[in-house]
Amino acid sequence: MPKVTYFSGQSLPLEMHKVRIIQKLTLLPIEERLAAVAKAGYNTFLLENKDVFLDMLTDSGVNAMSDRQQAAMLLADDAYAGSATFTRLHSKLREIFGMDYFLPAHQGRAAEHILAKTYVRPGSLVPMNYHFTTTKAHIVEVGGEVLELICPEGLSVDDPGDFKGNFDVAALDRLVAERGAESIAFVRVEAGTNLIGGQPFSLENLRQVRASCSRHGLILVMDASLLADNLYFIKEREAAAAHLSIPQITRAMADACDIVYFSARKLGFGRGGGICVRDQEIYKKMRGLVPMYEGFLTYGGMSVREMEAITVGLDETMDEDMINQGPQFIEHMVSELDSYGVPVVKPAGGLGAHVDAMRFLDHLPQTQYPAAALAGAVYLASGVRGMERGTMSEQRNPDGSEPMAHMELVRLAIPRRVFTLSQVSYAIDRLRWLHANRHLVGGLRWIEEPEILRFFYGRLEPIGDWAQELVAKFRADFGDSL
Ligand code: F0G
């Protein structure tokens, strides 16, 4: 894609779309934000959207649709079985990934449920570059064990590596030598590795994982939920792939895999998901679980309207101008924050900007959930809703002990094509202020800790009265500004 050079010499993202539908937003005064976050137990998942100014919780199911997607929704074919809408979606997936079979599911974790139930047995190992919360929950639920074989730089918040989501292939070979291929249910690669800052893997690395799987007779599964960002980074950063088009890179990635599953809340800018399968036997093994848990084989829990939108969204994902807005906005946000000394995961990845709470709040121990505390403080300072991606997102061990996360991050997701650059500038400004006042931010403790996926609906409270102090400092610095 040709880039636009500015006369000013600045490097700014430039949207290749215009806004045609808008939604009004409200920015509450900070005192009301304090009441809202306290009511939510300092868990940003429990905030009500009416109290949120910029919702940067996630890019899941909240990306803006294109006019073509909206138009396609009107043409959906309502039928329980054999809908033309499903045929269109299936054909598009076959065209993009080159796999013949498709199992629809209501969203990404439903695909993970089906995969785990089919392949994972008590004691099975599932090596992967890095886990995602729902992936791990489904594997552990059926007695399996997740092994994270991420390249060492992947766990460094500021290693400048281009492909920090790369799989440690030598570690996979060692694992097979030590534990035997029969102990491994499948190997999983996650595109745009979510929990370590949306970091991509390279096409070359994926091909090496494939070679290792082929040597050992292992099934290779790709989680393509964040594929769009990973495609952009391969195109931009991997010299050996620079001559390939986005559809060619996509096909090369799929060709390395046996199974590709995805959350269409991300990939395809809609709401749904599914599993693409190359081999008929593998397809048949999983097929029965779709009508049992999701819905009939031609909708799998998705509405026909969403399936139409996903079909068009997948087509548009093959156009670099349609997928570059997210990574370019994130790059801008990360480099601005970095220039002001706010600690962020570098280089910029996909999904969103990731603030490093371990360094931002280096006076807090991990047992006081620095990432959760920072997410609460960001909301207070700005009305921006981010997401804790640290120890609070981990699950306790069966013996009740608490694993400390590798990283304590606050993710500020950039839902694609939703926010303007001035809104992003506002978020950057408030983060700068918060960083200058970081010593005021204290830790959190549980008041209600659920056993499963505690980060979704657990409640915490501040240790001490730091939240009130932060509000007072905001008023002193900003007067009556919102
Ligand atoms: N895999 C990855 C890499 C994901 O990012 C997600 C969801 C899933 C699987 C599960 O898909 O939500 O459709 O069931 N990520 C969301 C997020 C929740 O906010 O990052 P789902």
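**Labels and their grounds**

Reply: Leu453 sits in the loop between strand 13 (444–448) and helix 18 (454–457). Keep in mind that this is a predicted model.

Me: What makes Leu453 partly exposed?

Reply: Leu453 has 15 C-beta neighbours inside 10 Å. Buried needs 20 or more, and exposed needs 12 or fewer. The count for Leu453 falls in between, so the label is partly exposed.

Me: What stands out in the backbone of Leu453?

Reply: Its phi is near 40 degrees, a positive value in a residue other than glycine. Most residues other than glycine have a negative phi.

Me: Which class does Tyr42 fall in, buried or exposed, and how do you know?

Reply: Tyr42 has 28 other C-beta atoms within 10 Å. The cut-off for buried is 20 or more. Tyr42 is therefore buried. Its place is the loop between helix 1 (30–39) and strand 1 (54–55). Tyr42 also has a positive phi, about 55 degrees, although it is not a glycine.

Me: Why is the peptide bond from Lys346 to Pro347 called cis?

Reply: Look at omega: for this bond the angle is near -5 degrees. Most peptide bonds are trans. Pro347 lies in the loop between helix 14 (325–339) and strand 9 (352–356).

Me: What makes strand 9 largely enclosed by the rest of the structure?

Reply: Its residues are counted: 5 of the 5 are buried, so strand 9 is largely enclosed. Strand 9 pairs with strand 12 (residues 409–413) in the antiparallel sense.

Me: How do you know that strand 9 and strand 12 pair?

Reply: Pairing needs at least two bridges. Strand 9 and strand 12 have 5 bridges, so they pair. Within that pairing, His354 stands opposite Arg411 in strand 12.

Me: Which class does Ser401 belong to, and what makes it so?

Reply: Ser401 has 7 other C-beta atoms within 10 Å. Exposed means 12 or fewer. Ser401 is therefore exposed. Ser401 lies in the loop between strand 11 (387–389) and strand 12. The C-alpha atoms of Ser401 and Leu89 are separated by 45 Å, and the two residues are 312 apart along the chain.

Me: What are the domains, and where do their bounds come from?

Reply: The domain assignment gives domain 1 (30–59 + 323–478) and domain 2 (67–319). The bounds come from an automatic or database domain assignment. The C-alpha centres of domain 1 and domain 2 lie 28 Å apart.

Me: How many residues put domain 1 and domain 2 in contact?

Reply: 22 residues of domain 1 are in contact with 24 residues of domain 2. On the domain 1 side, helix 14 and strand 9 are the elements that give two or more residues. Strand 9 gives the most, with 3 residues. By class, that side of domain 1 has 9 nonpolar, 8 polar and 5 charged residues.

Me: Which residues of the largest nonpolar core touch the most other members?

Reply: They are Val260, Ile275, Val355, Leu374 and Val378, out of 137 residues in this core. Helix 16 (residues 370–382) contributes the largest share, 10 residues. The core draws at least three residues from each of domain 1 and domain 2. As for Ile275, its contacts beyond four places in sequence include Leu103, Ile114 and Met286.

Me: What makes helix 8 (residues 227–237) largely enclosed?

Reply: 9 of the 11 residues of helix 8 are buried, so the rest of the structure largely encloses this helix. Leu227, Asp229 and Lys235 are among the buried ones. The buried residues of helix 8 pack against several elements, including helix 7 (203–216), strand 7 (259–263) and helix 14.

Me: Which residues come nearest to the ligand?

Reply: Thr58, Gln107, Gly108, Arg109 and Ser263 do, of the 15 residues around the ligand. By class, that shell has 2 nonpolar, 9 polar and 4 charged residues.

Me: How do you know whether Gly108 is buried or exposed?

Reply: Gly108 has 26 C-beta neighbours inside 10 Å. The cut-off for buried is 20 or more. Gly108 therefore counts as buried. Gly108 is placed in helix 4 (residues 108–119). Among the residues that Gly108 touches are Thr134, Ser225 and Ser263.

How values were computed:
Residues are numbered from 1 along each chain as its sequence is written. This is a predicted model: local features need pLDDT of at least 70, side-chain atom pairs count only at pLDDT 80 or more; totals for chains, interfaces and linings use all residues. A residue is near a molecule or strand if its C-beta atom, placed from the backbone, lies within 6 Å of it. Ala, Val, Leu, Ile, Met, Phe, Trp, Tyr, Cys and Pro count as nonpolar, Asp, Glu, Lys and Arg as charged, and the others, Gly among them, as polar. Helices (H or I, at least four residues) and strands (E, at least two) are DSSP runs, numbered from the N terminus. A nonpolar core is a set of buried Ala, Val, Leu, Ile, Met, Phe, Trp, Tyr and Cys residues joined through C-beta atoms within 7 Å. Two residues are in contact if their C-beta atoms, placed from the backbone, lie within 7 Å.
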